[in-house]
Every structure is written in C-alpha cells, then in structure tokens.
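Hi,

Here is the structure I promised to pass on. Have a look at it first, then read my notes below with the model open beside you.

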Amino acid sequence: MTGATPFIQQALGLAAQALCLSNPNPRVGCVIAGGDGAVLGQGFTQQAGGPHAEVVALRDAAARGHDVRGATAYVTLEPCAHQGRTGPCCDALIQAGIGRVVASIADPNPQVAGQGFARLRAAGVEVEVGPGAAQARELNIGFFSRMQRGTPWVRMKAAASLDGVTALANGASQWITAPAARADGHAWRARACAVLTGIGTVLDDDPLLNVREVATPRQPHLVVVDSRLQTPPTARLFGVPDRRVFIYAAHEDGTRTQALEARGATVIQLPNAHGKVDLPALLRDLGPRGVNELHLEAGHKLNGSFVREGLVDEMLLYLAPLLLGSGAHGLASWGPLQALAQGLRMEFHDIQQIGPDLRLIARVAGRAQF
C-alpha cells in the first residue's frame with residue numbers, strides 16, 4: 001500500500017514542520033487517532049537530543065487527557081529501535097498501549113532498518129507499512145543518502161540570467177535575481193545541514209553565508225574548500241554564532257591552522273594527487289559528521305569541479321528574466337566536451353515562479369535511486 005491516507009497526510013504535514021529543526025535526525029511526523037477517527041495527539045521530531053515525533057504525539061495526547069490504548073499511530077518513518085540521545089520510540093508506543101502502527105517507510109539507519117517494526121509486531125502491535133512512502137522519503141532525501149550512500153545529498157544552488165550568466169567578467173553578481181528569489185534561497189539554506197563554498201568566494205565577497213532572510217531555529221554548518229588555508233581569521237564567516245565551520249585543505253600550514261582553530265574552525269587535511277582538496281573524500285568525511293543535505297553555494301570553478309567529479313545530485317537554479325551577454329561567468333566551468341552525449345543528463349523535478357524569477361530544481365538522471 002503506497003497511497004497516503006488522510007492521517008498520514010496530516011503526519012507528513014507535521015514532518016514538514018521539522019524541515020529546518022531536526023537535523024541531523026530525519027523529519028518525522030506522527031498522528032495518534034482513536035477508533036472513532038478523533039485525533040488524540042500529534043507532533044513532529046524536535047531538535048537533536050529532543051523528543052522524536054512519536055513521543056511528542058504521546059505527550060500531546062496525555063496533555064489533552066486522552067487514553068491512547070488500542071489507538072493507531074500514523075508515523076512517516078519507522079519508529080526507532082535503538083538507544084541514542086533519546087530512547088527507542090517503538091518501546092514508547094508499546095508501553096503506551098498503542099494497538100496499531102501505520103508507517104510510511106522503513107528507517108534506512110542500520111541501527112533500525114526493520115527492527116522497530118519487528119519489536120512492535122513481537123509485542124502484538126499490528127503494523128502496516130507503505131502509505132505516503134514517496135513523500136516521506138522525499139522529505140528525508142538527505143538522511144536516506146547519508147544512511148545508504150554514506151555521503152550527503154549535494155544540492156548546487158545558483159542564480160543566473162536566462163543566458164546562464166552568474167556573474168559579470170568583473171565579478172559583479174549582486175543582484176541578478178529579485179528579493180523573493182533570494183529569500184527562497186535562504187529557505188533552502190535553512191533546511192540544509194551545511195553550506196559549502198570555496199576560498200574564492202570567501203576572499204572575493206567576505207560573505208556570512210548564514211540564514212538571514214527567513215526565520216530559522218538553527219544555522220547550518222559552514223564548509224570551506226581552501227586548499228592553501230587562505231581563509232582570513234578575520235573573515236565575517238566566523239561571526240555567526242552557534243554554527244560549526246569546517247575548513248578542508250590540501251597543504252599543511254601549522255601557523256595558519258592554529259589561527260583558524262583559535263577562531264573555532266575545524267581544519268581537515270584531505271589532499272588529492274593534484275594538490276587540491278579531495279572532494280569525494282570530503283563528502284565521505286561529512287557523512288559521519290551528520291550532514292544530510294549539503295547546500296553548495298560557490299563560484300563557477302568549484303561548481304565545475306563538483307560537476308566534473310560527478311558529485312552533484314541536484315541543482316537549485318533561479319533564473320532571472322535578464323540577458324547579460326558573453327564574456328561572463330557561467331554556472332560551472334568544466335569541459336570542453338567533444339560530443340553532446342558527454343553532457344550531464346538531468347531531469348526536471350520542480351518548476352515554480354518565485355516573484356519575477358523562475359526556480360528550477362533539476363536532478364541528475366537516476367541519482368535519487370539509492
């Protein structure tokens with residue numbers, strides 16, 4: 001069964017409220033309903049270390065004075081079966097006397113992966129799996145990527161003119177798109193676990209690269225690709241509270257490392273054979289650090305490196321109704337190609353107008369199948 005029932009749809013709506021909150025944990029919603037169809041309790045996963053959706057829903061039911069014994073819990077992901085910073089959700093449901101669990105999809109975390117369902121069934125709880133599976137997985141595409149591939153879901157964001165220009169030859173790029181598109185871009189930043197940029201952007205723009213245009217309960221971490229450790233300790237990026245900064249380098253420099261670490265940065269040496277940062281190794285390093293979705297906001301050179309090495313999963317592109325001509329910077333510098341067949345084949349995933357601009361979400365063909 002894969003179609004989303006009304007209660008699962010309600011739970012999916014709750015899960016969406018955890019979009020910028022629960023990282024690195026998955027975004028999960030839960031609705032507890034009685035036999036008469038009345039909602040007894042509901043909730044969504046809180047910040048890491050806080051209660052998961054099932055526990056929030058059980059507490060909500062208790063606060064309303066409802067008895068949940070024999071009720072059905074509709075949840076968008078398999079209840080966890082392991083002890084982390086919180087206890088197993090399957091045990092909480094069993095202890096509360098829940099009679100039936102309807103879950104959208106199994107948890108890809110190897111510490112769960114069917115064990116939650118097995119423990120529920122062993123306790124006599126009826127379990128149904130499938131309604132809303134596609135939507136639940138989509139909400140957690142980065143979590144599934146990290147659990148199944150060991151690396152984050154890489155989303156490359158860019159703002160461009162209709163002829164693909166992201167900056168003029170003199171570097172001018174502010175602002176190609178209108179305020180509505182910029183705010184929407186910040187919303188996508190907010191949902192990511194980390195924002196990644198290159199040393200060129202840091203030196204040229206001295207950006208904050210934080211979330212400012214929309215409200216957010218947390219700031220995503222910042223990742224800087226900086227082969228020669230040129231990041232100035234005075235850079236504005238160090239002025240954002242409550243976020244971690246990871247700087248990936250390819251050349252050791254004890255003095256610069258010490259200065260950057262004094263500003264709170266974590267410096268990681270990951271050189272490749274060409275004296276640059278090993279980008280595939282960087283992604284493999286970010287997986288164990290809990291990065292589900294990686295939001296790539298960089299210049300055309302680093303964007304080109306990610307494309308060339310086959311590391312981009314998805315493109316978030318804002319197109320302005322504007323032509324900026326030749327001799328400027330494009331989306332990503334890679335190639336030249338000798339045949340059309342060598343191009344990176346993508347599939348449109350979503351197209352929307354945001355203010356006067358167009359937002360395109362395109363995925364590398366077949367990339368979400370893992």
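Start with helix α6 (residues 141–149), which lies across β6 (153–161) and β11. Its direction is at about 135° to that of β6. Bear in mind as you look around that this is a predicted model.

Another helix to find is α11 (residues 300–308), lying across β6, β7, β8 (221–225) and β11. Against β7, α11 runs at about 110°.

Those strands belong to an open sheet of 9 strands with mixed pairing, and the order is β10-β9-β8-β7-β11-β6-β12-β14-β13. Which strands are at the edges? They are β10 (265–269) and β13 (346–354), each of them pairing on one side only. On average, neighbouring strands here are turned by 20° against each other, if you ignore direction. In case pairing is new to you: strands of a sheet pair through backbone hydrogen bonds, either parallel or antiparallel. A parallel case is β7 (residues 194–198) with β11 (residues 293–296), joined by 3 bridges.

Now for R191, which sits in helix α7 (residues 179–191). Is R191 buried or exposed? Its relative accessibility is 11%, and buried means under 20%, so R191 counts as buried. Beyond its neighbours within four places in sequence, R191 is in contact with several residues, including L19, R27, E138, R155 and E293.

Next, the nonpolar cores. The largest has 41 residues, and I32, V68, I98 and V101 are the ones with the most contacts inside it. Helix α1 (residues 6–16) gives the largest share of this core, 6 residues. There is also a second, separate core of 33 residues, with M156, F246, L283 and V307 among them. Back to V101: leaving out residues up to four places away in sequence, V101 touches A73, V75, P79 and L120, among others.

L120 brings us to helix α4 (residues 115–122), where G116, F117 and L120 are buried. After α4 comes G124, with a positive phi near 90°.

Cheers

Key:
Residues are numbered from 1 along each chain as its sequence is written. This is a predicted model: local features need pLDDT of at least 70, side-chain atom pairs count only at pLDDT 80 or more; totals for chains, interfaces and linings use all residues. Side-chain values use heavy atoms; hydrogens and water are left out. Buried means under 20% relative accessible area, exposed over 50%, partly exposed in between (1.4 Å probe, protein chains only). Helices (H or I, at least four residues) and strands (E, at least two) are DSSP runs, numbered from the N terminus. Contact means heavy atoms within 4.5 Å. A nonpolar core is a set of buried Ala, Val, Leu, Ile, Met, Phe, Trp, Tyr and Cys residues joined through side-chain atoms within 4.5 Å. Two strands pair if DSSP finds at least two bridges between them. Axes are lines fitted to C-alpha atoms, for helices over the stretch in contact, and angles run from 0 to 180 degrees between N-to-C directions.
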